[in-house]
Amino acid sequence: GSRWLTACLVTAGIFLFLLLVSGCLLRVGLSLFCQGLLLEAGVKSCSDGEKMDWTSPYDGSRFYQNFTSAETSTWVNFFFWLVVLTLLIVQRRQLDGFRPMNGADPEWSTAVAGITSETKPLIPSGPRP
């Protein structure tokens with residue numbers, strides 16, 4: 001019950017943090033790499049760097065497309081894990097408000113005896129005509 005929910009909350013929080021760090025690293029890394037290409041290689045845009053001749057053994061024919069795909073997938077994953085974490089927090093709050101009845105509760109003892117206020121109108125206590 002509560003232990004598994006806590007473990008899931010912690011796991012989702014860790015994944016969310018790691019995805020945030022990964023997304024930021026990809027964004028900053030691509031920006032810095034593109035700035036270097038624009039200054040050193042003299043290309044007009046970072047995506048034009050895919051058309052350049054790269055020194056061997058490097059192949060930059062799809063570097064910009066791969067970087068942007070990786071960054072996009074990281075942010076989509078981040079959004080879905082954020083939804084998961086939100087749902088877990090909602091479930092945790094609902095669980096905190098729920099308290100199962102025990103034998104000391106007055107509702108429990110009357111329900112066991114069969115004389116709850118809900119059954120009084122349905123089951124007459126007097127003799128049958």
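How many helices and how many strands does the protein have? It has three helices and zero strands, and from the N terminus on the elements run α-α-α. Helices here are DSSP runs of H or I with at least four residues, strands are runs of E with at least two, and both are numbered from the N terminus. Everything below comes from a predicted model, in which local features need pLDDT of at least 70, side-chain atom pairs count only at pLDDT 80 or more, and totals for chains, interfaces and linings use all residues. Residues are numbered from 1 along each chain as its sequence is written, and side-chain values use heavy atoms, with hydrogens and water left out.

On to the overall picture. Of the 129 residues in the protein, 17% are buried; buried means under 20% relative accessible area, exposed means over 50%, and partly exposed is in between (1.4 Å probe, protein chains only). The protein exposes about 10,100 Å², and carbon and sulfur atoms supply 65% of that. These areas come from the Shrake-Rupley method with a 1.4 Å probe, and for residues only the protein chains shown count as cover. Among contacts (heavy atoms within 4.5 Å) with a separation of 6 or more, 58% involve residues 24 or more positions apart.

Now for the aromatic rings. The structure holds seven aromatic pairs. Rings of Phe, Tyr and Trp (its six-membered ring) pair if their centres lie within 6.5 Å; planes under 30 degrees apart count as stacked, over 60 as edge-to-face, and the rest as tilted. One of the pairs is Phe33 with Phe63, edge-to-face at 5.3 Å centre to centre with 80° between the planes. This pair ties together distant parts of the chain, since Phe33 sits in helix H1 and Phe63 in helix H2 (residues 63-97), 30 residues apart. Phe33 counts as partly exposed because its relative accessibility is 35%, while Phe63, at 11%, is buried. Another edge-to-face pair is made by Trp75 and Phe78, with 5.7 Å between centres and 80° between planes. These two are three residues apart in helix H2, so about one helical turn separates Trp75 from Phe78. Trp75 is partly exposed at 31%, and Phe78 is buried at 18%. Phe33 and Phe63 also turn up in one aromatic cluster, together with Trp54 and Tyr64.

Finally, the surface. Val10, Ile14, Phe15, Phe17, Leu18, Val21 and Leu25 make up a nonpolar patch with about 650 Å² of accessible area together. Ile14 belongs to helix H1 (residues 2-40) and is partly exposed, with 45% relative accessibility. Patches are made of residues with over 30% relative accessible area and no salt bridge, where like charges are joined within 9 Å and nonpolar side chains (Val, Leu, Ile, Met, Phe, Trp, Tyr) within 5 Å. A salt bridge, in turn, is a side-chain nitrogen of Lys or Arg within 4 Å of a carboxyl oxygen of Asp or Glu.
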